[in-house]
Amino acid sequence: MAEQKPLCTKKDHVMEQDNVVGFPADAVAFSERAVKSLDRLHYDKALRYFRKAVECESDNPIHQCNLAGALAETGSFEESNQILAYIVNELDPEMNECYYYMANNLAYMEQFEESEIMLEMYLARDRHGVYAEEAEEMLEMIHYELNRPFNPARRTNSAEDVSAEESFSGSLNGEAEDEFLAERNDYEAAGGMHAAGDANGTANAPDAPDGLEQTVEDHEQARLLLEAGRFVEAEKVLQRILEADPDFLAARNNLALAYYYMGRFDEAREMLNGVLERDLGNLHALCNLAIFERHAGHEDTVRALIDILVKIEPFHREHVFKLATTMGILDEHEQAYRHLHRLVARGMQREPSLYHYAAVAACHMGRYDEAARWWASCRRLDPESGVATYFLEQLQQRGEGGLDPMPSYHYRLPYEETSRKAQERATRSTARKRMEESASTMDYEEDWEQQIKSDPLVRSSLFWALRFGEPEVRLQALQAMSLLADEEAKEALRTLLLDPDQDAYIKQVTLYVLRMLGVKGPIDVQWDGERIQISSNHIANRLPTWEPHWQQVLDMVRDYMKEEYDLFQMHDAETLWIEFITHLYPDEVPRITKASSWAAALEYIIAKMYRRPLSYQDVAVRYDVSAATVAKHVKRMEDTCQVEDRLKQTLT
């Protein structure tokens, strides 16, 4: 074996090759590299470099503190606090900010009482320190979490006499602990505790426990109704709560959301302003208000709210998640990505939706390789939904450019994709194919219908699309709404009919859907600048009478077409028939001797308008009539209703 050449020292290397400069292996250089790695969110590299910096200068409190910060960023809170305690106990007792950092770490571990002690110690030792204001705010948030009143003037004077090691090990010891706990008990005994179970820490009446318990139960019911997409019902419950307790901030926030999902933006904004009047820093209200104002187009207000939100560093995981998703919706994707990365790195949540949100943020930042890794993790956690698989396929097909359209932060398949799949399966071209594939088609349609009925995100998306989507999207939402039969859907459709900004065709289909859902009696409609009542199945039907044999044709065509045609094609068939009768009323309406032949003619014309392959013979066999009779009726209707002109419009 050849003799091994000894390793060169840095001095030898420079002597041999004067033009090569070695990397300076000192603490400052390692620290600089670590900071650059942190900026790029490469936590593993940052940790490695910070550890090397500490190895070079183990007695330097700054390098130790940087290492503790990097450990906290990766979720190693306990190790971080051990280093911070070592700093103030052994290296630099005057480095008071370490107490604030320890408090943050403890709060992230939801050890709120220990975090409170650290904050008290920090403020006792450095009342005007760099983080004094943040510490006060954090103390208020901790009291909020612990349902305890907050008094900023109260400080534990003896806190500075307790070492960080003693405090970190669990709680205060000796006289300091006794004094601290006694003072706390005095406050609680005086009736200062907030209502148990009130997530927003609102001060409800302590002398009415039965009423308070009922309020909490009602609020939980309203929250569940919101999650189920039953916004009208949730609104009634929340209004009842606020009549009894106007300062119940959680109820105000949730009522604002209900208004927002129902499209009542002015009321939603007013409700959030009520929250912020009572609690200026309420994170949920600030986030929701920013989204509402973005929808309203008030960009100056949105920018001002974003400037506030970017300064917030929440420690509770639900708050971090709320802030991250809000930033994404507001197109602040770098901020969203930073918070989402924190949630994953610190192991706060392991939900597939979180990885999807991170992937979406990465896409908007042009980091497609990172997005692919996030969606791959998402797919491992949730292979059944198909969401991650769909977007990974989109990434593979994107070519040199970006994704078009960009993915949404909603954790679901795009509505258009889900609707397209359902429609493709529901519109097989021939009866034979339909029979062969009826089982798989039926299964898929049942799955789709179940998702619409049970998935609150899909329901809220439908309500939103129905009011504010582009015309094509609104029509898709209407088709999906036809699968719902609950009062929530009917109320939304009734509201749509009273919207003066909705176009005529949307309203015609909306009324048709309401009748399909079993709504009887007159329905109010805003039409041509006036409010009218429609008692028939169609707005187009203004005839003074409607004969049973005319209706028999509609009933038959609906029964025959419902399996192969979509909502709009069926609506157009019925509208064509009403138009045909109206044109000939009252003296020239043909005598209906066989409803099936007229129904067959209607289906043939609709198939022709939508370019579906259907011959006279095919439709005649379906309805058990003669092809010649069908052709005769088709010609009569086409001449009367100028169908050829409509066909030309659809083909151009």
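I take buried to mean under 20% relative accessible area, exposed over 50%, and partly exposed in between, with a 1.4 Å probe and protein chains only. By that rule Asp 528, at 70% relative accessibility, counts as exposed.

**Ground rules.** I am working on a predicted model, where local features need pLDDT of at least 70, side-chain atom pairs count only at pLDDT 80 or more, and totals for chains, interfaces and linings use all residues. Residues are numbered from 1 along each chain as its sequence is written, and side-chain values use heavy atoms, with hydrogens and water left out.

**Entry 1, overall.** I looked up the secondary structure first. The protein has 33 helices and two strands. Helices (H or I, at least four residues) and strands (E, at least two) are DSSP runs, numbered from the N terminus. Of the 652 residues, 47% count as buried. The accessible surface comes to about 33,000 Å², and carbon and sulfur atoms own 48% of that surface. These areas come from the Shrake-Rupley method with a 1.4 Å probe; for residues, only the protein chains shown count as cover. I then turned to contacts, meaning heavy atoms within 4.5 Å. Among those between residues at least 6 apart in sequence, 59% join residues at least 24 apart.

Most residues other than glycine have a negative phi, and most peptide bonds are trans. I searched for exceptions. Asp 528 has a positive phi of about 55° although it is not a glycine. I find Asp 528 in the loop between strand 1 (523–527) and strand 2 (530–534). Arg 611 also has a positive phi, of about 55°, and is not a glycine. Arg 611 sits in the loop between helix 30 and helix 31 (616–623). At 56% relative accessibility, Arg 611 counts as exposed. I also noted a cis peptide bond from Tyr 585 to Pro 586, with omega near 5°. Pro 586 belongs to the loop between helix 29 (567–584) and helix 30 (595–609).

I picked Val 634, in helix 32 (residues 627–641). Val 634 counts as buried because its relative accessible area is 1%. Which residues does Val 634 touch, not counting residues up to four places away in sequence? I list Ala 601, Tyr 604, Ile 605 and Tyr 616. Val 634 and Trp 598 are 36 residues apart in sequence, and their C-alpha atoms are 8.2 Å apart in space.

Next came Arg 269, in helix 14 (residues 265–278). Is Arg 269 buried or exposed? Arg 269 counts as buried, at 16% relative accessibility. Leaving out residues up to four places away in sequence, Arg 269 touches Leu 289, Phe 292, Glu 293, Ala 296 and His 298.

My criterion is a side-chain nitrogen of Lys or Arg within 4 Å of a carboxyl oxygen of Asp or Glu. The structure holds 22 salt bridges. I checked several pairs.

- Arg 51 forms a salt bridge with Glu 79, the closest N and O atoms being 3.4 Å apart. The pair links distant parts of the chain, with Arg 51 in helix 3 (residues 43–56) and Glu 79 in helix 5 (residues 77–91), 28 residues apart. Arg 51 is partly exposed, with a relative accessible area of 33%. Glu 79 also counts as partly exposed, at 33% relative accessibility.
- Glu 332 pairs with Arg 303 in a salt bridge, the closest N and O atoms being 3.3 Å apart. Again distant parts of the chain are linked: Glu 332 is in the loop between helix 17 (317–329) and helix 18 (333–345), Arg 303 in helix 16 (residues 299–309), 29 residues apart. Arg 303 counts as partly exposed, at 39% relative accessibility.
- Arg 338 forms a salt bridge with Glu 313, the closest N and O atoms being 2.8 Å apart. Arg 338 is in helix 18 and Glu 313 in the loop between helix 16 and helix 17, 25 residues apart. Both count as partly exposed, Arg 338 at 24% relative accessibility and Glu 313 at 40%.

I also logged a network of salt bridges linking Glu 564, Glu 603, Arg 612 and Arg 622.

Patches are made of residues with over 30% relative accessible area and no salt bridge, like charges being joined within 9 Å. Asp and Glu count as negative, and the place of a Glu charge is taken as CD. Glu 133, Glu 134, Glu 137 and Glu 140 gather in such a patch of negative charge on the surface. Glu 133 is in helix 8 (residues 132–145). Glu 133 is exposed, with a relative accessible area of 57%.

Terms used:
Patch = residues over 30% accessible without salt bridge, like charges linked within 9 Å, V, L, I, M, F, W, Y side chains within 5 Å.
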